[in-house]
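Hi,

Here's the model I said I'd pass along.

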Amino acid sequence: MSLPPIPVFFNEIQLDFKPLYEWAFGDKIVHPETTARAESIVAALQSEPAAFEIREPAELPLKALQSIHSPNLITLYNTARLLPEDVTFYPSVFPKSEQVQGDPTNMKHAGCFCFDSGTPLSSQTWAAAAWSAACAKDAAMAVRKRKARIAYALSRPPGHHATRDLFGGYCYFNNAAIAAKDLRPKGRVAILDIDFHHGNGTQRIFYRDPKVLVVSIHGDPVTFYPYFSGHAGETGSGRGKGFNLNLPLQRGVTGDDYMQTLEQHALPAIEHFVAEFLIVSAGLDTYEKDPIGRFKLTTDDFERVGNALGRLRLPTVVIQEGGYYASHLGRNARALLRGVREGSAPPPG
Ligand SMILES: [Zn+2]
């Protein structure tokens, strides 16, 4: 039986945002979140038209962004639209006092709405981030309306570090949260974050929510970004207690180690929760050649991971997060998606 193609949501406007460098511990380095990442994925998926069908998402209604993000954060991105075209703005003052009221119409206050120095703003940020979120929303809608069993959002810039009112970690709008908000009225949603870095934004947004389970496998935050969240002891709070599972791992994790954590801890938690929808925050910076991640997964491992996720046989929204070895990112995304598609196929006979 032939499987239907996976709808892939992407808009070329997402390529207009080009952060050139970032400040990392005082060093000016080439920004890893390049447009080549998305271009590599588009090329790889276009090469298999029977398996993947690339579509443009519909424009995202403002209320979808407002359902997750604070008015100040949205206003700040709008303020950044007025920056001269050749200016990229890096917040460098991050006030911590609760008395400070940041003015989101003043770019100099951007540090009030940001938690690191690697995530710049430009006049193009709004459009790229809003279309990136639109991809996630439309992928969720395709699954919710049963037009597809599996849908993929080629979201770039990524989203899982963005909280309700803060941007950071190359993330502006939390794409997975926007997708979860769309699905949540229809049933229990499990978000599985497989990016190398802990998705602090997604955790924070759903930390008190018992209808959205957040599970994350990532590099131990004692050593790795974002440092301040992702520890095993963070399990949710209030009514959300017990609905957040962090599975931090040490550097050097191989595909076999990873599969063990996935199959023995992450997937059973999703089954126990009796999830009705699965959202995968698909960071591929766990790749062995990734310049930022420190795990050792191979392209074949991504297909194994996808296969295991597919075997959950849940309506599934896969949303692109990190992954910075751009020239292999396309083949890795394709391997993951191929795995999900084949894993979800009904057994023969
Ligand atoms: Zn990452």
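Helices (H or I, at least four residues) and strands (E, at least two) are DSSP runs, numbered from the N terminus, and the expected span of a helix is 1.5 Å times one less than its number of residues. Keep in mind that this is a predicted model: local features need pLDDT of at least 70, side-chain atom pairs count only at pLDDT 80 or more, and totals for chains, interfaces and linings use all residues. Numbering runs from 1 along each chain as its sequence is written.

Tyr-258, Leu-262, Ala-266 and Ile-270 are the buried residues of helix 7 (buried: 20 or more other C-beta atoms within 10 Å of a residue's own, with C-beta atoms placed from the backbone). An α-helix has 3.6 residues a turn, so residues three or four places apart point the same way. The buried residues of helix 7 pack against several elements, among them strand 9 (277–282) and helix 8 (299–310). Just after helix 7, Val-274 has a positive phi of about 55°.

Then comes Phe-277, in strand 9. Phe-277 counts as buried because it has 23 C-beta neighbours inside 10 Å. Beyond its neighbours within four places in sequence, its contacts (C-beta atoms within 7 Å) include Val-143, Leu-183 and Pro-315.

Cheers

Conventions: A residue is buried if 20 or more other C-beta atoms lie within 10 Å of its own, exposed if 12 or fewer, and partly exposed in between; C-beta atoms are placed from the backbone. Two residues are in contact if their C-beta atoms, placed from the backbone, lie within 7 Å.
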